[in-house]
Amino acid sequence: GIVNFSDIIVVSSSSSGANSEDIESIRFNAPRHFQRQGRCVTTSDYISAILQNFPEVQHVNVFPGEIGNNSVEYGTVYISPSTYSGTVLTLSRKADIETFLNGLNPIGIKVKVIDPDYLYIVLNSLIHVDFNKTTSSPSFIVSKAIATTKNFNIKYLQNMNTAFRMSKFEQAINDSDVGILSNETTSKIYKVFNPDLDKPITLRCDFSNSIKSSSVTSSTFIFGGKTYTFTDYIKNANLTAGSIYLYEQNPNVLNYTKIGTIDYTHGIININQLSYHDIGGGIKIYAEPLSQDIYCYKNTIIEIDTVSGLNFTTISE
């Protein structure tokens with residue numbers, strides 16, 4: 001019969017897709033689609049094939065055979081896509097990409113799709129202001145700085161192969177109001193882990209940036225009925241260099257146990273197996289980067305935590 005489209009009811013809005021491609025995107029992608037000629041040999045070939053055929057993918061990075069350790073897996077190409085919605089791809093969708101690309105590969109090359117690995121930045125900024133040069137109040141200066149940070153996040157980060165440049169960020173804050181003279185901004189970095197509850201798991205936290213000694217902390221969690229954090233610094237405790245500890249959050253006792261190791265140069269923390277409870281949105285492991293310029297590699301995406309990771313204050317000059 002004839003379908004009356006006016007009778008169709010939309011149950012839910014579409015999601016995970018992209019807006020129609022704009023002119024600049026077409027100019028960039030069209031010659032790459034042509035050059036690829038239906039095959040994948042170079043990195044740009046893989047990127048072009050994915051963006052052309054999987055519209056939910058916003059960014060993608062492609063890299064060869066080494067991930068998560070120092071061993072090399074020859075003959076493997078890793079694909080790490082991020083989506084417009086911010087959610088990771090389903091297992092079936094990853095399998096679709098692998099099947100599609102393996103049909104375009106040279107013989108002997110296989111594709112493996114892995115999730116992005118997010119590295120979050122926490123910022124503390126003391127903003128020096130000459131209030132004789134601006135009509136903005138201290139609270140409005142802070143609100144402008146927060147808005148600038150959110151724009152900076154979108155413009156320069158949240159993508160593969162990007163870096164956080166502290167000097168560029170500080171300049172953006174300085175430019176956000178005519179009364180701002182300078183700012184003193186420092187950063188911390190963190191990753192979030194969501195281990196299965198009640199199931200022992202070994203954690204590997206790879207910051208991919210050198211980190212400072214005595215700067216590692218974590219959010220709290222329950223283990224054996226007690227509240228703990230991870231740390232590499234405990235006041236009045238005799239700790240082993242390059243070690244991380246399970247530290248009980250009890251002011252009446254000094255209870256800590258070595259639980260893993262830290263490679264400060266490479267920013268790698270390995271934590272032995274535990275059974276976790278009451279971790280809420282996950283365990284956050286924090287550290288201070290040795291350099292205020294923060295880099296990402298392979299499947300890492302850098303993002304400023306603009307929800308709970310900003311502590312901005314003003315001082316009058």
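Which residues does Phe 164 touch, not counting residues up to four places away in sequence? With contact taken as heavy atoms within 4.5 Å, the list runs to Ile 121, Leu 123, Phe 152, Leu 157, Phe 169, Gln 292, Asp 293, Ile 294, Ile 302 and Ile 304. The model here is a predicted one, so local features need pLDDT of at least 70 and side-chain atom pairs count only at pLDDT 80 or more, while totals for chains, interfaces and linings use all residues. Residues are numbered from 1 along each chain as its sequence is written, and side-chain values use heavy atoms, with hydrogens and water left out.

Phe 164 also turns up in the largest nonpolar core, which has 43 residues; along with Phe 230 and Ile 269, Phe 164 is among those with the most contacts inside it. A nonpolar core here is a set of buried Ala, Val, Leu, Ile, Met, Phe, Trp, Tyr and Cys residues joined through side-chain atoms within 4.5 Å. Buried means under 20% relative accessible area, exposed means over 50%, and partly exposed is in between (1.4 Å probe, protein chains only). Strand 4 (residues 117–129) supplies the largest share of this core, five residues. Helices (H or I, at least four residues) and strands (E, at least two) are DSSP runs, numbered from the N terminus. Another core, of 16 residues, lies apart from the largest one and includes Cys 40, Val 77, Leu 104 and Val 111.

Now to the aromatics: the structure holds 13 aromatic pairs. Rings of Phe, Tyr and Trp (its six-membered ring) pair if their centres lie within 6.5 Å; planes under 30 degrees apart count as stacked, over 60 as edge-to-face and the rest as tilted. Phe 152 and Phe 169 make an edge-to-face pair, at 5.3 Å centre to centre and 85° between the planes. Phe 152 counts as buried because its relative accessibility is 4%, and Phe 169 does so at 0%.

Tyr 245 and Tyr 256 have ring centres 5.7 Å apart and planes at 75°, so this pair is edge-to-face too. Tyr 245 sits in strand 11 (residues 243–248) and Tyr 256 in strand 12 (residues 256–263), eleven residues apart. Tyr 245 is buried at 4%, whereas Tyr 256 is partly exposed at 25%. Elsewhere, Tyr 118, Tyr 120, Tyr 190 and Tyr 286 form one aromatic cluster.
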